[in-house]
Amino acid sequence: MSELQHEIKNLIIDSLGLEDMSAEDIATDQPLFGDGLGLDSVDALELGLAIQKRFGIKIDAEDKDTRQHFANVANLAAFVSARQAV
Amino acid sequence: MKWIALEALLLEPDAQRSITFEPALNHQQFCRQALQLAGYFAAHRIQRVAIHLDDAAELAIALFAAWQASVTVLLPADAQPQTRARLASQTDLWLDALPDTQGCTPAQSSPLATDACLLTLCTSGSSGEPKLIDKTLAQLANEVAALEQLWGSEIGSAAVISSVSAQHIYGLLFRVLWPLCAGRVFLRQTLPFSEDMQRASLPHSAFIWVASPALLKRTSDNLDWSALSRIRKIFSSGGALPEEAAAYLQARLQQFPTEIYGSSETGGIGWRQGGQHWQPFAGVAISRNPQGALSLTSSYLPAGHREETADAVQIEADGRFLLGARLDRIIKLEEKRISLPMLENTLIQHPWVTDARVGVRQLGRAVVGALIALSPAGLHALRNQGRRATTQALRTHLSSHVEPIALPRQWRLYTELPYNSQGKLAQSRIEQLLAAQRPTQVLPDSIEQTTDGLLIKLQVPVDLAHFSGHFSRAPVVPGVVQIDWALHLARQLIADLPPRFTGMEVLKFQQLMRPGDRVQLSLRFDANRSKLYFSFTNSNAPCSSGRILLAQHA
């Protein structure tokens, strides 16, 4: 697990108030929404804000793949690295 | 575009009239598909259909097909397995995709029956049981006509972009039925993020948003506000929009969102655009009932029917009104109506739970928290599988009954809930307990003076804070916590104990102390040696013992 993935997992746990969870409990490819971690649409919004704030990046409104970026931790980490490189 | 009354929407197919795009659908195609599907319903002798479709245009086709075929539509708020099972006896067909209607003879179009109850909405009732609400087409038609009257000219031919589901009354009226009648195009999908809303909006020369506080209070600051300021109207409904969020949008878009107040039961009641006061809709007569709650009659309700809400209200001399808190235990969580009694009743059905109370905490988002009294089986699960597995099992149990947003994220575990001496546990107290840290110390059940010291009986708290990390699958009281308890209790109970901790001697840990264990702690202070002797035993078997070395200040 990369450092960035680890950081994102902790961000998810802290910003969404998930009790009794640690970064090790979230698989990098585990779906965050629906049947996976069980997050909901409001979490998606909260997480979107938290990610932008923490990493100083912007979600591009032209980007059609926003949903895809938030599918799991691996995608989120890839998305954050890509945006940070811009 | 020419206004077409709701009941006449299938009568004159018009290929020039757009319904939606990506993929495009014009009115002629819409009518053809709806009549074809009406033929399918007739051929299969369907009388009641449950419709759950994410695509708003497909939902519109299915609705009008059903109404043309005199099929009653049930619009479930969610597609949870329990919801499906519960509604199964009341429907002939659960539609979550449009069926293949090839080979079916299309139905003949005719004006729809406006006085028949052809739509049933599902929502959470105050008893915790889901409530079914019947609507006639006339009620819906009155409501969309009133909306057009109020805002039609302002909105003009704007495209309708939305973040709310069309399965609920607000989305159904504002993003499907109203645009259909007015000849405005509407987006098929429900968009989760404000960035998505922007991307879908900007290709249109004019657009409106049908949104909710959940989205509007979380718009990100990197939106292209100057491009978005072409927006004709922003609607928000499902709960009050916080003042800061309204002001934030006003500063960027030069208009306050237009908030709609109403519910599935009541239909639209009033609206406001900035400020605190609500303006009742034209066909709505409101009053304050003896309980202080808003009561109404309305042209969006059956004639002569008075609907009582549970919302506290204050009515001004000019007819506008202010809303207060809800007077029952139904709460709005990010626009989703959640029945607290329903959650509690469902939790209590689990064999690990003897009693349960739930409340809400406002973190970055609102989350549900639960106070749980564990049964012996629940305590066994906690001791042998850990806290996370225990609470996760309760979440899984709930998840087939309620939407994900209502699943508790915070848990406080007990053997008995902390009712006060009147046997009450007020909602405010529940919320305090959820906000408080989990215990780190232990309270003695009894204290006995013996010949050479103290004998203290205590029960290991089932929800000790240390159990989360130690260990996640098999919670035990860490040794350092046992020493801390011994010293902490000794300082409370033994006078003149030297203040300084200098070390430990002959420390032994022999048996684990686990959640709910009833143990005895003996304490003896040897003043000559300045040593505090402690030992924990569980039914005479030693758990731990040692000597704590104390000293006066250096």
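This report looks at a helix pair, some backbone features and a chain contact in a predicted model.

## Ground rules

Local features need pLDDT of at least 70 and side-chain atom pairs count only at pLDDT 80 or more, while totals for chains, interfaces and linings use all residues. Residues are numbered from 1 along each chain as its sequence is written, and chains are lettered from A and ligands numbered from 1 in the order in which they are written.

Take helix H2 (residues 56-68) and helix H5 (residues 169-182) of chain B. They pack at an angle of about 65°, and their axes are 10 Å apart. Helices (H or I, at least four residues) and strands (E, at least two) are DSSP runs, numbered from the N terminus. Axes are lines fitted to C-alpha atoms, for helices over the stretch in contact, and angles run from 0 to 180 degrees between N-to-C directions.

H2(B) and H5(B) are therefore roughly perpendicular (65 to 115 degrees; under 35 is roughly parallel, over 145 roughly antiparallel, the rest oblique). In H2(B), Ala56(B), Leu59(B) and Ala60(B) take part in the contact; in H5(B), Arg175(B), Val176(B) and Leu180(B) do. Contact means C-beta atoms, placed from the backbone, within 7 Å. These residues divide into 5 nonpolar, no polar and 1 charged. Ala, Val, Leu, Ile, Met, Phe, Trp, Tyr, Cys and Pro count as nonpolar, Asp, Glu, Lys and Arg as charged, and the others, Gly among them, as polar.

## Backbone exceptions

Most residues other than glycine have a negative phi, and most peptide bonds are trans. Chain B has exceptions to look at. Glu22(B) and Pro23(B) are joined by a cis peptide bond, with omega about -10°. Pro23(B) sits in the loop between strands E1 (18-20) and E2 (25-26) of chain B.

Gln254(B) is not a glycine, yet its phi is positive, near 55°. Its loop runs between helix H9 (243-253) and strand E11 (258-263) of chain B. Gln254(B) counts as exposed because it has 10 C-beta neighbours inside 10 Å (exposed: 12 or fewer; buried: 20 or more; partly exposed: in between; C-beta atoms are placed from the backbone).

Val506(B) also has a positive phi, about 35°. Val506(B) lies in strand E25 (residues 500-509) of chain B. With 8 C-beta neighbours inside 10 Å, Val506(B) counts as exposed.

## Where the chains touch

In this contact, 28 residues of chain B meet 21 residues of chain A. Helices H6 (194-201), H7 (213-216) and H12 (387-399) and strand E22 (410-414) of chain B each supply at least two residues of chain B's side. H6(B) gives the largest share, 4 residues. By class, chain B's side has 11 nonpolar, 7 polar and 10 charged residues.

Notes:
Contact = placed C-beta atoms within 7 Å.
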